[in-house]
Amino acid sequence: MSEILFENVTRRFQLKNRTFEALEPITLKVAEGEFVAVVGPSGCGKTTLLRMAAGLDFPTSGAVIVGNREVTGPGPDRTIVFQQFALLPWKTVTGNIGFGLKCRGVPAAARAEMVAHYVKVMGLSGHEDSYPYQLSGGMQQRVAIARSFILEPKLLLMDEPFGALDAQTRIEMQEELIRLMSVRRRTVLFVTHSVEEAVYLADRVVVMAGRPGRIRDIVSVADIRRAESWDSRPIEDILEMDSFVRLRTKVWRMLRGAALSKAEGRSRELSIAS
Amino acid sequence: MKQVTQLPRHMPANNSVAALMLLSSACVTVILGTWVLSSLMGMLRPSIIPPPWDIANAIYTLAVSGFAGHTLQTHIITSLGRFAAGFSLAAIIGIPLGLIMGWCAPARYVVTPFFEVFRFIAPLAWLPFAALWFGTGIGGPILIVFSGAFAPCVINTFHGTRLIDPVMIEASRTLGATSWRLMVDILIPGAFPSILAGLRVSAALAWQSLIGAELIAATSGVGYLIVQGQGSFETSIVLAGMISIGIVGVIIDALLRLASDRASRKWMAAEA
Amino acid sequence: MKDEKYDTGRASLIVGTAAVAIAIFFWILGSSLIRPVRFPSPEQVIAAAWQLATNGYAGGTLLIHTLYSMKLALMGFAVAVAAAIPLGIAMGVSRRFNAIVNPIVSFIRPIPPLAWIPIAIIWFGLGDGAKIFVIWFTAFVPTLVNTYTGVRTVDPTLIAAARVHGASGHKLIFEVIVPGAMPMIFVGLRISLQASWMALVAAELVGAFFGLGRVLMIAAQDIYPGMIVVAMACVAAAGALMTKGLIQFERLAMPWIRPIR
């Protein structure tokens, strides 16, 4: 039973005198509770895929099915965490975190309790009444994640969520995400530019190629992750492990091959891919 | 298997833009139609709301035989002349002033107190002095136009200089640029989009202030025309005059916007 | 620019005060050279100010005139804005509503507000009705336009984020779009306020019983340059006061904006 199903999904844009094929027919299944990362060059359509799963964009043909129902619009069962945080600037931390609950109609008292819980869980204590402009990038992203998590979504969509953070905060957030996942398993579709991030976080890494967007290959990380108990080790250890390095290089080579094949042709690509 | 469809589903159909335009045109037609019908049926008093053909007739008469001393064209040209004079003066003095204020702090400190004081004086409040100093000459309206157009020129130019990335200046310095070169090659092009935006605001304010001045203390010009029309209860002439004023204002703004777009395309880097 | 390190508050204060002092010196000098009718000296201005404040001029003291003018302008402003903001929001949110109303707005927009004075007099006569109409009108358009623009330029990512979290319909409008548009709405309010103040002064210049415009007009007729300066200064001061008041209100209404300077 898959949580997300992209079934022969294409996306075509109508330009002035031609049609631009952003995505070739893509078929991808994401299982329930699976963490899938999507990497690829700029413009390969990975964000488009994410937005289609969210219901903010729609396929030209094919279907996007989440939890057995075709996606017809955005909703709190498929929240997105954006790269730019997208917090409502006019609401405080508590206001932002509780926003989805408010839309759902949860009464104020119950809301306050749940929000307080997540404030603690995400390490935001002491900032409950701060406005986004008073918070650092890392804290803002924590608020954005709390805002999503509190809704207990079936599907968590993340669009380069740590891309706007500095390197150290980024690593902290990655560890944070692993910790939250270990507390409660969720289905995640995670788009990123960083190969390391993808391999560190995901059960499977989908490597995409661009123009037109298509899936180049899929690398499975789950078995090694479980076998070597990555989730209970500090990130510094994992970055050094042979298995991690090998997987990372494999994905990286695929990405490079995808970039080269645009200019040089299929034969070169075949010899690089391992 | 799902059906393959051509257009993205659940998205607004592309012809909704056309549908909206149809709605707009329909509403305009309804309003115009109501106007024409009620005029024909005698429901509207022609001295309060004249029928459309009266207005058209008024425009024709104004253009051919004139009213209040001149034809419509002459009135418009007179007004434009005053506008151009006051506006150019404001720009010629205001833009360099804004640049200098942005360039060196002492200039800013000196100018700011005076600027803040004079800025809040509504342009029309200068009318008494305009009358005292220039009588009924052309100096009066020009003064009013100037006082309306001056502030936005200076302010926008100054803000334009503020928007220039100081890193660009430092980089140019390390490449050996002199102060003069910095001014010409960085300051002015960098502030240019703001300057043009300021010119558009100035022009609108200048045109407004001019009309106001002509309403009260002039013997020619479109402002004078409509006030005379009001005095003689010639509603069609007043409306015809208002329409001309609006059209001239639109043309001035459109010309400036054209220049502004051209300039931003050339100097795209200085996008605020 | 090159003098960032001199940008201290003290330096600006010193230089500014010195400049003003020098200007006043030249003023005193100049006014003794130019005919006093054309150009009042500081003593004349101060004398006129004193008279206006205590004995009154053109029918009332300084306070009465200023308050009268301000009251009229603010009333027109408030009524206009109360209509313009909801209308602007409706136009921004609903494409259909916009399609209906926009042609009318586009046609009316280019006409300078003061140009409505003659037609207002024809329609409403010479009384206060015409004045209120013009002031209302002057304040209406900038706020409407800016509200509409504000609504349409709310960051689409914010709207997407809100929709993703379940906001729609009324909630989306009041919790996301309106706060998002507020900065631009306030810009419109500032423009409207200054415009309605200008319109009021203009209207009072044409004909009024009280108000700063009337003071200006009588002073001009009496050829009393000192009083002219005083009236102009009052116009400027009242305008500045109301604008600063609006800015304060703006800060209170939008506590989430990063304070500038």
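Chain B comes in two parts: domain 1 (1-44) and domain 2 (59-270), with bounds taken from an automatic or database domain assignment. Their centres, taken over C-alpha atoms, sit 38 Å apart. Keep in mind that this is a predicted model, where local features need pLDDT of at least 70, side-chain atom pairs count only at pLDDT 80 or more, and totals for chains, interfaces and linings use all residues. Residues are numbered from 1 along each chain as its sequence is written, while chains are lettered from A and ligands numbered from 1 in the order in which they are written.

Now look at helix H8 (residues 179-216) of chain B. Helices here are DSSP runs (H or I, at least four residues), numbered from the N terminus. H8(B) bends by about 50 degrees at Phe192(B), and Pro193(B), a proline, follows within four residues. The bend is the angle between axes fitted to the seven residues ending there and the seven starting there.

| Helix H8 of chain B | Value |
|---|---|
| Residues in H8(B) | 38 residues |
| Distance between end C-alpha atoms of H8(B) | 48 Å |

Next, is Leu62(B) buried or exposed? Leu62(B) is buried, because 25 other C-beta atoms lie within 10 Å (the cut-off for buried is 20 or more, with C-beta atoms placed from the backbone). Leu62(B) belongs to helix H2 (residues 52-64) of chain B. Leaving aside neighbours within four places in sequence, its contacts include Phe67(B) and Ile237(B); a contact means C-beta atoms, placed from the backbone, within 7 Å.

Finally, chain C meets chain B through 45 residues from chain C and 49 residues from chain B.

Note on methods. Helices (H or I, at least four residues) and strands (E, at least two) are DSSP runs, numbered from the N terminus. The expected span of a helix is 1.5 Å times one less than its number of residues. Two residues are in contact if their C-beta atoms, placed from the backbone, lie within 7 Å. A residue is buried if 20 or more other C-beta atoms lie within 10 Å of its own, exposed if 12 or fewer, and partly exposed in between; C-beta atoms are placed from the backbone.
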